[in-house]
There are 2 protein chains.
Amino acid sequence: MTSHGKIRFDVIFEAVGHNDAKFRNDVQVFMRGAHPASYHLPTDEGAMHGGDASAPYPLAYFASALTACVMTQIRAFAKRLSLKVDNFDVSTRCHWQGEQVGNAPYVSVPVAFNMDIDIRGQLSNSDKRELLKAAQSGCFIEASLKPGLVVHRLLLDDEWTEV
Amino acid sequence: MTSHGKIRFDVIFEAVGHNDAKFRNDVQVFMRGAHPASYHLPTDEGAMHGGDASAPYPLAYFASALTACVMTQIRAFAKRLSLKVDNFDVSTRCHWQGEQVGNAPYVSVPVAFNMDIDIRGQLSNSDKRELLKAAQSGCFIEASLKPGLVVHRLLLDDEWTEV
């Protein structure tokens, strides 16, 4: 583990979920490693889906996780790349479809996850592209998704530009 | 949209995130559609990662989302398949690695997401297999992940069995 050699590190999160009835899932999440942490992150469905709306939908957590994962890497890697980022906004639209016949269990298909990124600070357009590219490659969630599913646009000179 | 024809429905969640400084991301999530809902799901990093631990890590939300998405479909599809499920537990271990050289931005790689499912009720082993298979196919998050990444085991006759 020298400062110039390649190093690998592990990132492990465990979730333990229990369901007693209906759609309420009590989920406890544990970050493993030298500085462990844990969180109670229950989910439920809304009334229209037969739930009690006692907690967010699972997909609400997913949408936050994906968006915030890229955001976290933008902040972390700006420092590593010595880029002066003031603040930034990221908006993600996660679109899936379900396909079903009659009342049989349905099949899910992701359509597209569109992510718009607006980074403000003392950065050139090419700095922004470099930073976003690094953030994508470092995002644990993006790395786990089907290739091509996330489509990114950067705000460059006031124009949304696919990157 | 007859009861026998194939129908498609859309599922859309949008996340809007803002970062002002450090690792705190304020994220608002919106479920779109006929019965909209919204949630404030901020994230932060722990102190060891330079954050203020003011909210869960993004990956904590992800681990809950993946686990609870499958759980929700187990509950929903048990009903559609007329299977008598009392209660169930699902544990997921999400394992990633980061690879870095020196202090350059690192690259993320998913290693495996291991999911153990214990369904209790008046079900045969083959009922449990059928139910889990349907839940996997209906899980919006699993459908978005790289194929083969999630490895499932069912507790069948007190033995963990890969399925």
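This text goes through the predicted model from chain A to its contact with chain B and the sheet that both chains build.

Local features in this predicted model need pLDDT of at least 70 and side-chain atom pairs count only at pLDDT 80 or more, while totals for chains, interfaces and linings use all residues. Residues are numbered from 1 along each chain as its sequence is written, and chains are lettered from A and ligands numbered from 1 in the order in which they are written.

Chain A holds seven strands and two helices; helices (H or I, at least four residues) and strands (E, at least two) are DSSP runs, numbered from the N terminus. Their order along the sequence is β-β-β-α-β-β-α-β-β. Along the principal axes, the C-alpha atoms of chain A fill a box of roughly 50 × 40 × 25 Å.

Contact between the chains involves 84 residues of chain A and 85 residues of chain B. Two residues are in contact if their C-beta atoms, placed from the backbone, lie within 7 Å. On the side of chain A that touches chain B, α1(A) gives the most, with 16 residues. This side divides into 47 nonpolar, 25 polar and twelve charged residues; Ala, Val, Leu, Ile, Met, Phe, Trp, Tyr, Cys and Pro count as nonpolar, Asp, Glu, Lys and Arg as charged, and the others, Gly among them, as polar.

The two chains also share an open sheet of seven strands with mixed pairing, in the order β7(A)-β6(A)-β5(A)-β4(A)-β1(B)-β2(B)-β3(B). Strands pair if DSSP finds at least two bridges between them. The edge strands, each pairing on one side only, are β7 (159–162) of chain A and β3 (37–40) of chain B.

Where the chains meet in this sheet, β4(A) pairs with β1 (residues 6–19) of chain B in the antiparallel sense over 14 bridges. There, A:Cys94 has B:Phe13 as its bridge partner. Within chain A, β4(A) and β5(A) run antiparallel and are joined by 15 bridges, and A:Gln97 has A:Val109 in β5(A) as its bridge partner.

Helix α1(A) lies across strands of both chains: β4 and β5 of chain A, together with β1, β2 (25–31) and β3 of chain B. Helix α1(A) runs at about 35 degrees to β1(B), where axes are lines fitted to C-alpha atoms, for helices over the stretch in contact, and angles run from 0 to 180 degrees between N-to-C directions.
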